[in-house]
Amino acid sequence: MEIDRRWLLRGAAAVGALAATAPLLGTSAMASVGRARRTGLSVTPLDLFAASTFNDEGLFALGAASSQAAEVGEVLRIAQTINARNGNPDEPDTAAFDAYFDGFSDFGNHLATLARDAAEAHPVTSRDRSMRAAMYAAQQLFFVLGTSDGSREEHAFDLAQARWQRAARLFDPAVESTEVASPFGPIPVHFFASPHGSGPRPTVIISEGSDGQNVETMQFGVTAALARGYNVVLFEGPGQMTLLFKRRVPFTADWNRVVGPVLRWAKARPDVGKVALIGISFGGMLCSRAAARLSGLDAVVLEPAAFDFTTMWTDQESMALVKETVDAPKPEKDGARRGLNEGFLQAWPSIPREAQFTLYKRGSIFDRRVQAEARAGRPISDYYGLLERLLPFRYRTDYEAIRIPTMLTANEGDEFFDEQSTAAFAFLDAVPPSRKVLVRFTAEQGASLHDQPVGPQVAQEVVFDWLDDQLS
């Protein structure tokens, strides 16, 4: 194809227009989040913060109380403290990100000290305080790249991880942690043995998504599974936790090569019976490939389900440019890359801090260069290259190849996955009707928004009732 100046500037103009918008990923459905329903109620159950970016994550911390990984009163007090400091803006600047980070940091640090003080005499209290301190550190970690010092990202991860591990060692039985070999280097694996009975037990492997930490999986299946007598396996794959923040290994689209070694390790254990895979958030998309290509899985839950990451990127003009030139002759591709990157760098100073943060947060999981630039607070230098790295994350053919029992979930008001779950369900041609189900969680259930942040019990009751039937 011929690349002219108008074509080169097309993507740059799109980026420039986005300088006045909200975050670049997921905003296409943001209008639905606040849309009034027939009941006259918003699908957002509670406004802890005026900024939707802050509120979305704050609600996850609030919902974690269902698994004793947070405390309602603590989260509400932290939110009040943050808002008193930053004025509760609906368009947060760097100072607002600093206030959010510091609010959760101060409370989490205090709680971690109390946990250590209780360790010898009151181990249960120490465990619970450590778990909550880990959750509050995870809140710091989520937003650190929007603060005035993104270089603290690895330290924030270390805090969340160390506190969660301290709590995990105080479980009964204690959580076993090890590593398994993979094409991406050693993968950390954490095994929660069932507290109910011995011998082979039904087991769930839970795959977090792009920004969930181990402590956050408590509300996404660990607590519910253990209560029903399951074993639970967690792992930290490329683009996640240790591999991302410590080893700087970005995501791979081939999640079967990540889950595969974990599955083989688990099935070699004498206490593991039938095995189901649960994918959370972005993990729901990734795990479709594992479900399609791995043998040895007895069921899969994609929570929620989606199949094409590229269509979630709001800057679709730039994405279209990349898709249309990625396989072009080198001079044409280089020209498109140069034009898009120049326009993006020109627009960067005018992009609101919230949108810059979202670019950092969503980009660093795919690209080591973006991760380094985000931590240093520098503009993303190769925006074309970042979008190019998103192209493999498309999974329609994987859904079409799944043959095991499959549950897909969707959430009313999902600001990221929107309606992809419905389309994905239609692709499950190889799964008999009696072995597949699409579950919609709603605002009236208290389970709206992406990953039902304040409705974790509602979702897990449905998920594990279905898994009970599949794994019995």
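**Entry 1. Salt bridges**

I looked up Arg375 and Glu153, whose side chains meet in a salt bridge with an N to O distance of 2.7 Å. The model is predicted. Arg375 sits in helix H15 (residues 368–376) and Glu153 in helix H7 (residues 153–168), so this pair ties together parts that are 222 residues apart in sequence. I checked the cover on this pair: both Arg375 and Glu153 are buried.

I then went to Asp271 and Arg269, which form a salt bridge at 3.0 Å, N to O. Asp271 and Arg269 are both buried. I also noted a network in which salt bridges with shared partners join Asp254, Arg289, Arg293 and Asp398.

How many salt bridges does the structure hold? I found 22. One of them pairs Asp128 with Arg127, and their closest N and O atoms are 3.1 Å apart. Asp128 has a relative accessible area of 16%. The cut-off for buried is under 20%, so I list Asp128 as buried.

Helix H6 covers residues 123–143, 21 residues in total, and reaches 31 Å from its first C-alpha to its last.

Helix H13 (residues 330–347) has 18 residues, which should span 26 Å at 1.5 Å a residue. The end C-alpha atoms of H13 are 26 Å apart, so the two values agree. Which residues of H13 are buried? I wrote down Lys333, Gly335, Ala336, Gly339, Leu340, Asn341, Gly343, Phe344 and Ala347.

I turned to strand S2 (residues 187–192), where 6 of the 6 residues are buried, so the strand is largely enclosed by the rest of the structure. I sorted its side chains by direction. Ile187, Val189 and Phe191 point one way, while Pro188, His190 and Phe192 point the other way, and all are buried.

Parallel or antiparallel: how does strand S1 (residues 176–180) pair with S2? The pairing is antiparallel, over 5 bridges. I found Ile187 of S2 as the bridge partner of Val180. The hairpin of S1 and S2 has 6 residues between the strands, and within this hairpin Gly185 takes a positive phi near 95 degrees.

S2 is also joined to S4 by 4 bridges, and these two strands run antiparallel. I noted that Phe192 stands opposite Val232 in S4.

**Entry 2. Strand S3 and its partners**

I followed strand S3 (residues 201–207) next. S3 runs parallel to strand S5 (residues 272–280), and 6 bridges join the two. S3 also runs parallel to strand S4 (residues 231–235), with 4 bridges between them.

In S5, Thr203 has Val275 as its bridge partner. In S4, the residue opposite Thr203 is Asn231. From S3 the chain crosses through helix H8 (residues 222–227) to S4, and I recorded this β-α-β crossover as right-handed.

I stopped at Val215, which is found in the loop between S3 and H8. Buried or exposed: which holds for Val215? Its relative accessible area is 1%, so Val215 is buried. I also looked up Val215 against Leu59: these residues are 156 apart along the chain, and their C-alpha atoms are separated by 15 Å.

**Entry 3. A surface patch**

Leu46, Val72 and Leu76 make a nonpolar patch of about 210 Å². Val72 belongs to helix H4 (residues 72–86). I noted a relative accessible area of 37% for Val72, so this residue counts as partly exposed.

Technical notes: Residues are numbered from 1 along each chain as its sequence is written. This is a predicted model: local features need pLDDT of at least 70, side-chain atom pairs count only at pLDDT 80 or more; totals for chains, interfaces and linings use all residues. Side-chain values use heavy atoms; hydrogens and water are left out. The expected span of a helix is 1.5 Å times one less than its number of residues. Two strands pair if DSSP finds at least two bridges between them. A crossover is right-handed if, with the strands pointing away from the viewer, the path from the first strand over the helix to the second runs clockwise. Patches are made of residues with over 30% relative accessible area and no salt bridge: like charges are joined within 9 Å, nonpolar side chains (Val, Leu, Ile, Met, Phe, Trp, Tyr) within 5 Å. Accessible areas come from the Shrake-Rupley method with a 1.4 Å probe; for residues, only the protein chains shown count as cover. A salt bridge is a side-chain nitrogen of Lys or Arg within 4 Å of a carboxyl oxygen of Asp or Glu. Buried means under 20% relative accessible area, exposed over 50%, partly exposed in between (1.4 Å probe, protein chains only).
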